[in-house]
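Reader: I am new to this structure and would like a close look at a single part of it. Please take one residue and describe its surroundings.

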Amino acid sequence: MYAIVDVDNRGGAYSLGTIVSIHERKPTLSKIAAIALKRSGGPTSGGLIPHIGVKLKKREDVYYQGLIINESNCDDIFGDEYSLNSIADQALSYFEKSDLIIKS
C-alpha cells in the first residue's frame with residue numbers, strides 16, 4: 001500500500017506529514033505533483049505545498065486520510081527534488097537523512 005503525504009501538514013516534530021490519499025499501486029511523481037498543485041490552490045496560486053509518496057508497512061485497517069505518518073510507518077519515501085529537499089531540510093534534526101529519504 002502507498003500514500004501521498006502532505007509534508008507541510010505535520011503533527012509534531014517526529015511526523016513526516018499527513019496522508020492526503022491512499023493508493024494500491026505506487027503513485028507516479030506526476031500524480032504526487034498534481035495533488036500538491038491542487039492543494040496549493042491550482043496553477044495560478046504562485047505556490048506549491050511539498051508532497052511525497054511513501055510505501056507503507058503492511059498493517060491492516062490502520063491507514064486512512066488525515067493520519068500522521070512518521071518514518072516508522074514507511075518502507076520507502078519518494079518524490080520530486082523540491083519535496084525531498086523540503087523534508088530533508090525540515091527533518092534533519094529528527095531523522096538520519098540517509099535513512100529518511102530513499103529515491104526509487
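Author: A polar contact is a pair of N or O atoms within 3.5 Å; within protein, one of the two must be able to donate a hydrogen and the other to accept it, and residues adjacent in sequence count only if both atoms are side-chain atoms. The model is predicted, so local features need pLDDT of at least 70 and side-chain atom pairs count only at pLDDT 80 or more, while totals for chains, interfaces and linings use all residues. Residues are numbered from 1 along each chain as its sequence is written, and side-chain values use heavy atoms, with hydrogens and water left out.

Helices are DSSP runs of H or I with at least four residues, strands are runs of E with at least two, and both are numbered from the N terminus. The protein has three helices and five strands, in the order β-β-α-β-β-β-α-α from the N terminus.

A polar atom of the Ser83 side chain lies 2.7 Å from the backbone oxygen of His51. Leaving aside residues up to four places away in sequence, Ser83 touches Pro50, His51 and Ile52; contact means heavy atoms within 4.5 Å.

Ser83 has a relative accessible area of 3%, and therefore counts as buried. Buried means under 20% relative accessible area, exposed over 50%, and partly exposed in between, with a 1.4 Å probe and protein chains only. Of the 104 residues of the protein, 42% count as buried. Ala34, in helix α1 (residues 29–40), is partly exposed because its relative accessibility is 44%.
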